[in-house]
Amino acid sequence: MTRFLLSFLTGALISLTAGASESYLCVADLTTGFSFDSAKKKWGSAMFRSEKKLVVAKAKQKPYAWEVKEVGDSRPGATCEQDFNEAGNLFCSGVFDLRFNSRKLRFLYVYPIGYWSDGDKGGPSREGDNTPALAIGKCSVI
């Protein structure tokens, strides 16, 4: 009976672990980029507050493997077509791009909108409305 109970509990534990979907909370440590000085009509480098918080979770919508949402946003800002590769790297793209390593629990975030896409005649925004940014930070399993 003890052997049966031990076997049952081990099987249940393995089943629960295999069924558990890992998610990650990623918080930016440093953020840099470019901003537009409207008085000088010139772009320059800038340091931004590192307030970016992202959740990386299994995708709810096929054909994606993972999705990335900013904390407080219900829509994914980036999706990941492939699962983690052998090196533990995940590559995601969308409104922003994310590179994440599950072994080092570090990420690189890129917001590419602005500079090259702003200020076009007939475009939806003026030059400087968007500021390209790059952030690095750490993640934890949630």
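Mentor: Let's start with the largest pocket, whose lining has 5 nonpolar, 3 polar and 3 charged residues. In this scheme Ala, Val, Leu, Ile, Met, Phe, Trp, Tyr, Cys and Pro count as nonpolar, Asp, Glu, Lys and Arg as charged, and the others, Gly among them, as polar. The model is predicted, so to speak: local features need pLDDT of at least 70, side-chain atom pairs count only at pLDDT 80 or more, and totals for chains, interfaces and linings use all residues. Residues are numbered from 1 along each chain as its sequence is written, and side-chain values use heavy atoms, with hydrogens and water left out.

The lining consists of Thr-31, Phe-48, Arg-49, Glu-51, Lys-52, Tyr-109, Tyr-111, Asn-130, Thr-131, Ala-133 and Ala-135. A pocket here is an open set of points on a 1 Å grid over the protein atoms alone, with protein on both sides within 12 Å along at least five of seven lines; lining residues have an atom within 4 Å of a point. The volume of the largest pocket is about 180 Å³, where grid points are joined across faces, edges and corners and the volume is the space filled by probe spheres set on the points. Strand 8 (106–111) and strand 9 (133–141) each give at least two residues to this lining.

Those strands belong to a protein with 1 helix and 9 strands, in the order α-β-β-β-β-β-β-β-β-β along the sequence. Helices (H or I, at least four residues) and strands (E, at least two) are DSSP runs, numbered from the N terminus.

Next, the loops. Tyr-115 lies in the loop between strand 8 and strand 9, has a positive phi of about 60° although it is not a glycine, and is exposed at 53% relative accessible area. The cut-offs are under 20% for buried and over 50% for exposed, with partly exposed in between (1.4 Å probe, protein chains only). Leu-105, in the loop between strand 7 and strand 8, also has a positive phi, near 55°, and is partly exposed at 25%. In the loop between strand 3 (53–58) and strand 4 (66–70) sits Pro-63, joined to Lys-62 by a cis peptide bond with omega about 10°.

Strand pairing comes next. Two strands pair if DSSP finds at least two bridges between them. Strand 6 (residues 89–94) is antiparallel to strand 5 (residues 78–80), over 2 bridges, with Ala-78 opposite Gly-94. Strand 6 also runs antiparallel to strand 7 (residues 97–101), through 4 bridges, and these two form a hairpin with 2 residues between them. Leu-90 has Phe-100 in strand 7 as its bridge partner.

Phe-100 leads us to the aromatic rings. There are 8 aromatic pairs, counting rings of Phe, Tyr and Trp (its six-membered ring) with centres within 6.5 Å; planes under 30 degrees apart are stacked, over 60 edge-to-face and the rest tilted. Tyr-24 and Phe-100 make an edge-to-face pair, 4.8 Å centre to centre with 65° between the planes. Because Tyr-24 lies in strand 1 (residues 24–37) and Phe-100 in strand 7, this pair ties together parts 76 residues apart in sequence. Tyr-24 is buried at 4% relative accessibility, and Phe-100 is buried at 2%. Another pair, Phe-36 and Trp-43, is tilted, with centres 5.5 Å apart and planes at 55°. Finally, Tyr-24, Trp-66, Phe-84 and Phe-100 form one aromatic cluster.

How values were computed:
1 Å grid on protein atoms, 1.4 Å probe; cavity = no way out; pocket = protein on both sides within 12 Å on 5 of 7 lines; lining within 4 Å.
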